[in-house]
Structure formats: C-alpha cells, structure tokens
Amino acid sequence: MSASYKAVGWNAFKKRHDVVLILSVLLFLAIFIGIGLLRQPKLTLEILLMRAFAIAAITLLHVILAIGPLARIDRRWLPLLYNRRHLGVTMFVLALAHSVLAIITYHTGSDLHPILSVFVSDAGARMTAVPFQALGFLALVILFIMAATSHDFWLTNLTAPVWKTLHMSVYVAYVLLVGHVAFGVLQSETAALNTTLMGAGILGLTGLHLFAAWSQRNIDNDIETTADDSEYAVVCRVADLEENVPLGASLHGERLALLLYEGNKVSCVSGVCQHQNGPLAEGQFKYGCLTCPWHGYQYKPHDGTSPEPFTEKIPTFDVKIDDQDRVLVRKHPNPAGTPVEPALI
Amino acid sequence: MPQEPFFIGWESKAPVSLREFVRRATILFIAFGATVAAITSMTQRTTGSGTFDFGNVQSFTGLLLRHPVPLLISDAPIGDKRTFYLVNPLKHGFSPDVAAALHLQKVTLEGTLIQDNLDAMIEVVPDSVRSLGDDGDPATALPPSSSSLGATTLRGEIVDSKCHLGVMNPGRFKPHRACAIRCIAGGIPPILVTQDSDGHLAHYLLVGPDGEAINDQILDYIAEPVTIEGTLRRSGDLNVFHIDPASITRLAQ
Ligand code: HEM
C-alpha cells in the first residue's frame, strides 16, 4: 500500500512478474510471426505484424478478464490479480501497435483523413458492410482511457467507486472487439478453427464469470432487521466468528466486515477497501490490521484507519453483544476513521 | 487455528504453497498463449501472390494510352508482359489530364513495378513522365486491340488493382475492403477477380459501356461476392469488362 500515490513500490515480485510478462509476449509474437513467415513468405509484413499484435492483445485480454473470476472462485489466484494493471497496459500497447499499423496500411494516402476513413470507408447498412474497424477504434479509445488512468494517482483522484466503474468499461471494449473480429477478419479467414477459438473465448469468459457469481451468491448473508432493537441489526452469533478471519455481511446493500481479534475483541468496519473497492471481508487480520486480499491495503479494526504513514480510512460501525451471545451492529455507519470501542466476548 | 495461505503483494516473500500455485498458473497461461499463437498463425489462409518492387525505381519506355485506363505499352516486354497499368503513389490513380495530354505519344517514365502472374502495373514517380516527341503509330504499337468476346455474366469480387497485384498480400476480402474503396475512389482501376473451381484466378478490368471510368458508381460493391453482366473485350494483355454498374448483384446480404 502507499502513503501517497507516488510511493507505489517496486518489489521483487512485481519485477519478476513484469519480466515474465514481457518474455511471454515476445514468445507469443515470435511463434506467430515465425510460423507466418515460414508458411506464407509472400504475406505482406505489415499485415503479418498487424495480425500478430492483434491476436497477442486479444489473447492477453482474455487472460486479464479470466483472472478476476478465477480469483473469486479460488483465492490462490489472487497474486495474479495484484499486478493485473500491468497486463492491461501491456495489452493496450499491443492493441495500439495493431491499430496504428492498420491505419497506416489501410487508411493513409487517400484524400480522406485516415481516422475518418476508419469510420466511413467501408460502412453500409447491411451485415456485410458493418464498419468493423470503427468498432476496433472505439475499443481502442476505451482501452486507452483505462491504461492512462491505471496509476494509483487516478484511483485516488477519481475515488475508488468512480475508478472502478470506469474500469468496468473493459467489458464494453470486449464486446466491441468481438464485433470487430466477427465482422472483420472472420468474414475472410473462414477457417472453422478461428471462429471456434473466438467462440470458446466468449463462452469461457462468460462461464467463468457466471460460475464465480454463483459460487459467491451467499458470501454476504443479508441481515434481517430485528424488531426488538431497530437501531441495531443482528449479524451473527459469537460462535460464528473465527479468530482473525473476518465475516462478511451486508446491511441494506452496504457491505461490512466483522472481525474477532486479539482473543476477545469484536469490531466492525466497512467491507469495501478504499483503494479499489476490494472485498475486505475476504481478507485476513495481519500485522494488527484487517488486510485487503487484493493489494494488501490495511485498516485497524477499531477505527478503520490505515497505520502510519498511510492515510486511507473507512467507515466503522458500533458493535455490541447481547445476553444471548448475538453480535449486533448499528445500522448507520460512523464517518470514516471514527474510533469505536470493540465489543468484548 | 490454521488459516489459508494469504498473499500480501508488498510482502517480500509469499507463502511457499502460494508461490508454487502462482508458478503453475503462470506456466499454464504461457502454454495457453503459445498454443493460441501457433493455431492462429497456422490457420491463416488468405494471402496473395503478387510482388511490389518497393525501393527499386526503374525507367520504362513505350506508348502511353488513356483508354480504357491509363496504360503504357512497353517497347520491350518485361517478362511476358507488355501492357502496364499506370498509377500514382499511395491511393491515387494516374492523372487523367496527363494521360489525355500524352495519349498515343511515345514516353519514358520512372516507376516501380507491381505484378502478379496475370497482370502488371507501374507506380509512376510523379512528374517523371517525358514525351519522346515522336508520336507512336498506334497500329504497330498497340497489341491486337479491343476484340469483342461477347456478352457474359461473371461472378467474383471487385478489388483495386494496385493492392491486389502486389502492394498488399492479401489485397482482397473484408479486412481490405476499406482500403480498396479508398483506392478505387482515388482513381485506381477496379478489377473483378474471379476464381475457377481449381482456384485459378482471372482478372477483368471494369469500365463503363463506352469504356469510361465507373469507379465512383461501384464503391458499394467492393470486396464482396457479386455477379456482373457485361461485354468482354480483350485489349492488349488485358481482359476488359464493359459493364453497366446497375447490373451488379450482391450475392451475400
Ligand atoms: C483504430 C483501431 C483499429 C483498427 C483500424 C483495426 C483494424 C483491423 C484490421 C484492418 C484488421 C484485419 C487485419 C487483417 O488484414 O487480417 C483487424 C483485425 C483484428 N483486430 Fe483490429 N483494429 C483496431 C483496433 C483493435 C483493437 C483495439 C484490438 C484489441 C485487441 C483489435 C484486435 C483485432 C483482432 C484480434 C483482429 C483479428 C486478427 C486476425 O485474426 O488476423 N483491433 N483490425
């Protein structure tokens, strides 16, 4: 985690991650271009490169989109989520190289502005004249905005909810790209295998996302409001709490994380990490703090603040334990960073 | 109590069991990528057979014709070809004004050769065309011209001759559609490419009923399967197909 956005550190894990990433991309390009040159020496080099960059980019995009649901299904994938933004930026660079080559090769040198040409040259109102390159262009714009705002600087300045929403537009880009491929290259490269691959990609990603959602359907048990005490809601019984492992719940749609720690203390904070809306209830109590599973951001359970020198803070909730050993949480959160006396068991 | 291994990105060492998992996951992704690269590269089918002698500018001498499109009938055959389409650099056709001014004159020009096994073309260096003064005798300079082969219907794909003859391999099909439209709108001669059942290609230069350019009227039919009715003629080394653009029928909707 960072004291300010400038302090994103480079550690050994990140460096190794990026070396492996770059070598993998180079391996991909070498295989594609190598086989291409051997099989079809007359293929125009720009077109071969254009295809190599494109297919590398869309393959990487599938990997990127698969990591999220995989990490929700099995948390051991989480380390790959940690540096997913590096994959995103790499993918954008590949997509940009593809787009620039396509615009230079197919759209420059006429009386029309090349960018305008992307949109109007082959456009018509029928299936065979869908301007597939315009779809690619729009996808590129989205990927650009995401790559440009990938740094924590933007995360801090846009605030996590806005940033997260912005970055969900990767799914819009994905849909545009499916159209780009389906109405473009699949109209000429009619080998069944190509269509099958694209179809498998779409089905695989959809399946993973649905399965992840299904496997997490009960993650936050929604709490019924008890009649006897309308200011507080019963979240669980003391016996349901496992030491150092937060319990997630949601109160009228607001996620919270309840934690038993240091033997007998129970505290409750918001379940949403300030950094990227990560699921704090899926984290662990480490180094005296509730630690987010996504990027290791930390919060002290009794007041929701990050340890010095960090400045992040999240809302806290008042907690009490009644005579039936039920854990009750006040329905209205305290402002972020408000200290709350832990309930004792 | 035992907790499941927990990864914190800023810690210098992740738990051993997690490291092993991440290593395997990475290898899995790389193997997946390598397979995709190999499959997609091996299934690429569309290519072309032409060549573009990029960077090799040569001199050509011959008779310049403005009809049916700007052509050079070379004095000496190059390979088995004497008839050369003339075009300008990038997506621009040869200037009709220059062609009109030099029609039927002996000229010399500088340019780059573009050819496949059927037809040839010269990308002319701008302003390099010089008249050699003596008007050629069309009777001797022109190969047996414009013999009519009769009315017929052909099925194929309209492409721009420049890319298809070798500037781009492949210079056909949907990915190339926008480029072909820009080229033909820019005055590059349109040709119909047909393919017989053995995969052999044939080219037909497309012009109007009276030999006039129809580039702007066919833009919406480029790079799609079409049938066209017209009258076939042979002009020099070229098949010239005189068509009424209204007779073009799109085969796929
Ligand atoms: C300005 C934006 C873009 C333009 C003008 C463009 C243009 C093209 C063209 C002309 C092709 C056909 C290439 C061929 O001749 O085979 C193509 C294919 C493709 N494009 Fe794009 N593209 C753009 C953006 C993107 C982006 C952002 C992606 C993201 C990954 C992408 C992915 C692909 C893929 C996967 C193919 C199929 C490659 C193949 O199988 O040959 N494109 N694009």
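Student: Which element gives the most residues to the shell around the ligand?

Tutor: Good place to start: this is a predicted model, in which local features need pLDDT of at least 70, side-chain atom pairs count only at pLDDT 80 or more, and totals for chains, interfaces and linings use all residues. Residues are numbered from 1 along each chain as its sequence is written, chains are lettered from A and ligands numbered from 1 in the order in which they are written, and side-chain values use heavy atoms, with hydrogens and water left out. Helices are DSSP runs of H or I with at least four residues, and strands are runs of E with at least two, both numbered from the N terminus. With 7 residues, the element that gives the most to the shell is α2(A).

Student: Which residues come nearest to the ligand?

Tutor: A residue is near the ligand if one of its heavy atoms lies within 4 Å of it. The shell holds 23 residues. Those that come nearest are A:R51, A:H98, A:S99, A:Y106 and A:H180.

Student: Why is the ligand site said to be shared?

Tutor: Look at where the surrounding residues come from. The site is shared between chains because the ligand is surrounded by residues from chains A and B.

Student: How far is a polar side-chain atom of A:R51 from an oxygen atom of the ligand?

Tutor: The term to keep in mind is the polar contact, a pair of N or O atoms within 3.5 Å; within protein, one must be able to donate a hydrogen and the other to accept it, and residues adjacent in sequence count only if both atoms are side-chain atoms. On the nitrogen side, A:H98 has a polar side-chain atom 2.8 Å from a ligand nitrogen, and A:H180 likewise has one 2.8 Å from a nitrogen atom of the ligand. For A:R51 and the ligand oxygen, the value is 2.7 Å.

Student: How many charged residues does the shell around the ligand have?

Tutor: Ala, Val, Leu, Ile, Met, Phe, Trp, Tyr, Cys and Pro count as nonpolar, Asp, Glu, Lys and Arg as charged, and the others, Gly among them, as polar. The shell has 17 nonpolar and 5 polar residues. The charged count is 1.

Student: What area do chain A and chain B bury between them?

Tutor: Contact here means heavy atoms within 4.5 Å, and 76 residues of chain A are in contact with 57 residues of chain B. Buried area is the accessible area (1.4 Å probe) that two parts lose on being put together, summed over both. Carbon and sulfur atoms carry 62% of it, and the total is about 6000 Å².

Student: Which three residues of chain A lose the most area to chain B?

Tutor: Together the three account for 11% of what the chain A side buries. They are A:K42, A:Y106 and A:R126.

Student: Which residue of chain B forms a salt bridge with A:R126?

Tutor: A salt bridge is a side-chain nitrogen of Lys or Arg within 4 Å of a carboxyl oxygen of Asp or Glu. Between chain A and chain B there are 2 salt bridges, alongside 23 residue pairs in polar contact, both at pLDDT 80 or more. In the bridge made by A:R126, the closest N and O atoms are 2.4 Å apart, and the partner is B:E224.

Student: How far apart are the centres of the two domains of chain A?

Tutor: Domain bounds come from an automatic or database domain assignment, which for chain A gives domain 1 (12-215) and domain 2 (232-344). In contact are 11 residues of domain 1 and 10 residues of domain 2, with about 960 Å² buried between the domains. Taken over C-alpha atoms, their centres are separated by 38 Å.

Student: How many salt bridges join domain 1 and domain 2 of chain A?

Tutor: There are 4 residue pairs in polar contact between these domains, both residues at pLDDT 80 or more. For salt bridges, the count is 0.

Student: And in chain B, which side chain meets B:K162 in a salt bridge?

Tutor: Chain B is assigned domain 1 (51-141) and domain 2 (146-250), with centres 20 Å apart over C-alpha atoms. The two domains bury about 1900 Å², 64% of it from carbon and sulfur atoms, and 1 salt bridge is counted between them. At 2.7 Å from N to O, the side chain that meets B:K162 is that of B:E123.
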